[in-house]
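Please look through the sequence and the structure shown here before reading on. The report is meant for someone who is meeting this protein for the first time.

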Amino acid sequence: QTPTNHRAVKLTHQHPHHTMLLLPSSSSKLHTAFWFSTPSHRNTQTHRNRNIIKCATKRTGKQRYPSEKKKLKSKHKDLLSTSNDDKTKFKGTWRLCNLAVPLNQDPGKDFLEVSDALLQVIAELLKFPVASMLPREPFSVVRKSFDARKEPKFVHIVDMDVQKLLSLEPRSWDFISQLQPKVGLVERVHEGRDFGDLMSIIQDCKENSEGAVKGENGHSIFSKKLNKKQDTKKPKIAIVGTGPSGLFAALVLAELGADVTLIERGQPVEKRGRDIGSLIVRRILESESNFCFGEGGAGTWSDGKLVTRIGRNSGSVIAVMKTLVQFGANKKILIDGKPHLGTDRLVPLLRNFRRHLQDLGVTIKFGTRVDDLHIEDGHVLGVMVSESADELRLRSQKLECDAVILAVGHSARDVYQMLLTHNVELLQRDFAVGLRIEHPQELINRIQYAELASEVCRGRGKVPVADYKLANYIDKNDFNESSDSNVENRSCYSFCMCPGGQVVLTSTNPSEICINGMSFSRRASRWANAALVVSVTKNDFEALNYYGPLAGVEFQREFERRAAIMGGGKFVVPVQTVPDFLENKLSVTSVPPSSYRLGVKASNLHQLFPTNISEALKHSLVMFEQELPGFICNEALLHGVETRASSPIQIPRDIDSYESTSVKGLYPVGEGAGYAGGIVSAAVDGMNAGFAVAKKFNLFHGDVKSVLGKAHNAGLVKY
């Protein structure tokens, strides 16, 4: 969520359980970060030589919020009620948490099995006297994270199959009988569905009990027609966009028997890769096949982050992750505390995804743009499409369908405009704009890991390539100087941090400059980059005389055009060192190297944004320096402009059916519709929408909870 109640945050670990909690300090206007924090040091070199990061006290006892106390008490009560029975101790699976292995004893970040050192920690928890006598087979690592605080260590969560342990080592009986449940340390894993990939889940459900799983009313949640040939016409579903939401919606509907057509304005990943190569080498921008448009969506040529805020352990998220593994992702994403794919892994994954959809009978139309919707009496009857190369849209054709799932990304601005012509309701959304900052990766490694920086080895070492996450809440009452008169209450935070990555062009128009970051799977680049964005609202749009549902879109375009002019054309990006930005000056000296391959030009970035946004960035940089001493340096280079952190609009829809509240048969999903914020949440939203549409056409009964259990609504994600 966009931070709104704290001064600054620094995340230097990937702990699987702990959450950063922030409370306002009663003694000052500054805000205090609980659970952990890093002391501010003016002496940067002294800090870099330190190998210990101090931790603040975890909130306990009376310091906890009432809601935290209530939740903890309820969880502890449930745990005791299900675990005190001696008989239940010897059945099912126990989850062992917070199993810390010192860095010098762990094989490293890429080792996902039970190591000797981890087995020793498990034995100590079970009070089993000889660790070497414990068999490894009953134990499986379900999460592994690196914690750089205090003594560097890897923290594990391990599942223990009790019955398998007893069968292999009967002497463990006495030790398990003495095992006491404790919230967050030793817990029973609730019995229930063992979630697999999406295809297996649907297939297993169809084959179970004569092809059905019973819903709440006792009836089959799948249509019995799915298991035999049917003369009835299959529902025709058109899905616009092959990003995560579109692909997963198509997968669900195709597996359930619908006639699915996927429409993508861009090109398949093979051709798209060549088009991006032409952009980088020859500065030729294909308006419909670039870093934003094409198979896989904008996330394909990005870091491929799979971190999500909608519930890492929910059935929906697990199904998405295992589906990605089924199509070629490394199994490490199921265990890593901060999973990511990398562009090089996404390309073959998407190729496998495409082939599976085609095997299911899905028609995929690449290089095909949706020009219009065919609507009669408030109901969608089809879409008007043309070849993307037909810029004048002279040869538009009608594609009839029973429903349209609109899964476009947030750069499909022409689609927003088209929806307005049909009086489809669009709502303004707050979002964020700013700059992308780049440092040498070795510098970030030293800041975060101190002496451990040598263990990174450009992504091939024992510890992960260092990253960071920063946030700053700006309270205008904290600033009394006249120079700060334009400061307003707003948030500034880092976004899409790409360790070992590069800055790339995400413009879809040659007269605009918009940038993003990307990384390959190894994260071996010399640079680290992240967006530093400032929250903007309706007031900011209106200050530039932009009104209406698409005011945010025009607001984005304004700064993208300014950046293009400031860069001087040919996709050259305006840049400024952080010290110069803080002093609002343009040095005549050359700028440090940048990973951006189309060229940079020294510019005064204060002239890019309104004063209040520039001041917010300026004050936040100073705060970030206190949290990460060395963050402000001559090698730190700001690039302009980052404007597409999230969608500037939202298309209202029914919370249960996912259908547009304006037009029947239209289902807006994913990031472009304002209901997701990343690969995983977009995939979950598309998957849920797929089930909702299947239910509409009697291919599926009940709800998603019948198949995947209770899940967070991706549409309620805040930014």
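## Overall picture

The model described here is a predicted one. In terms of secondary structure, the protein comes to 18 helices and 25 strands, and of its 719 residues, 57% are buried.

When contacts with a separation of 6 or more are considered, 72% of them in the protein are accounted for by residues 24 or more positions apart. The protein exposes about 31,200 Å² of surface, and carbon and sulfur atoms supply 49% of that area.

## Helix α9 and its surroundings

Helix α9 covers residues 315–326, which makes 12 residues, and the distance from its first C-alpha to its last is 16 Å, close to the 16 Å expected at 1.5 Å a residue. Because 9 of these 12 residues are buried, α9 is largely enclosed by the rest of the structure. The buried residues of α9 are G315, S316, V317, A319, V320, M321, T323, L324 and V325.

Just after α9 comes G328, which takes a positive phi of about 125 degrees.

## How α6 meets α9

On the α6 side, L198, M199 and I201 make the contact, and they meet A319, T323 and Q326 in α9. Sorted by class, this contact of α6 with α9 has 4 nonpolar residues, 2 polar residues and no charged residues.

## Helix α3

In helix α3, which spans residues 116–126, the buried residues are A117, L118, L119, V121, I122, A123 and L126. The cover over these buried residues of α3 includes the strands β4 (93–102), β5 (139–147) and β6 (153–161), together with the helix α5 (173–177). α3 is followed by K127, and the phi of K127 is positive, near 60 degrees.

Most residues other than glycine have a negative phi, and most peptide bonds are trans. Against that background, where in this model does a cis peptide bond occur? A cis peptide bond joins G640 and V641, with an omega of about 15 degrees, and V641 has its place in strand β23, which covers residues 637–642.

Two loop residues also deserve a look. D377, a residue other than glycine, has a positive phi near 55 degrees, and D377 sits in the loop between β11 (368–376) and β12 (379–387). Is D377 buried or exposed? Since exposed means over 50% relative accessible area, D377 counts as exposed at its relative accessibility of 84%.

N584 is likewise a residue other than glycine with a positive phi, near 55 degrees, and N584 lies in the loop between α15 (578–583) and β22 (600–602). With a relative accessible area of 43%, N584 is partly exposed.

Terms used
Residues numbered from 1 in each chain as written. Predicted model: local features only at pLDDT ≥ 70, side-chain atom pairs only at ≥ 80, totals over all residues. Heavy atoms only, no water. Helix = DSSP H or I, 4+ residues; strand = E, 2+ residues; numbered from the N terminus. Expected span 1.5 Å × (residues − 1). Buried < 20%, exposed > 50% of the residue type's maximum accessible area, 1.4 Å probe, protein only. Contact = heavy atoms within 4.5 Å. Areas by Shrake-Rupley, 256 points an atom, 1.4 Å probe, with all protein chains shown as cover. Nonpolar A, V, L, I, M, F, W, Y, C, P; charged D, E, K, R; others polar.
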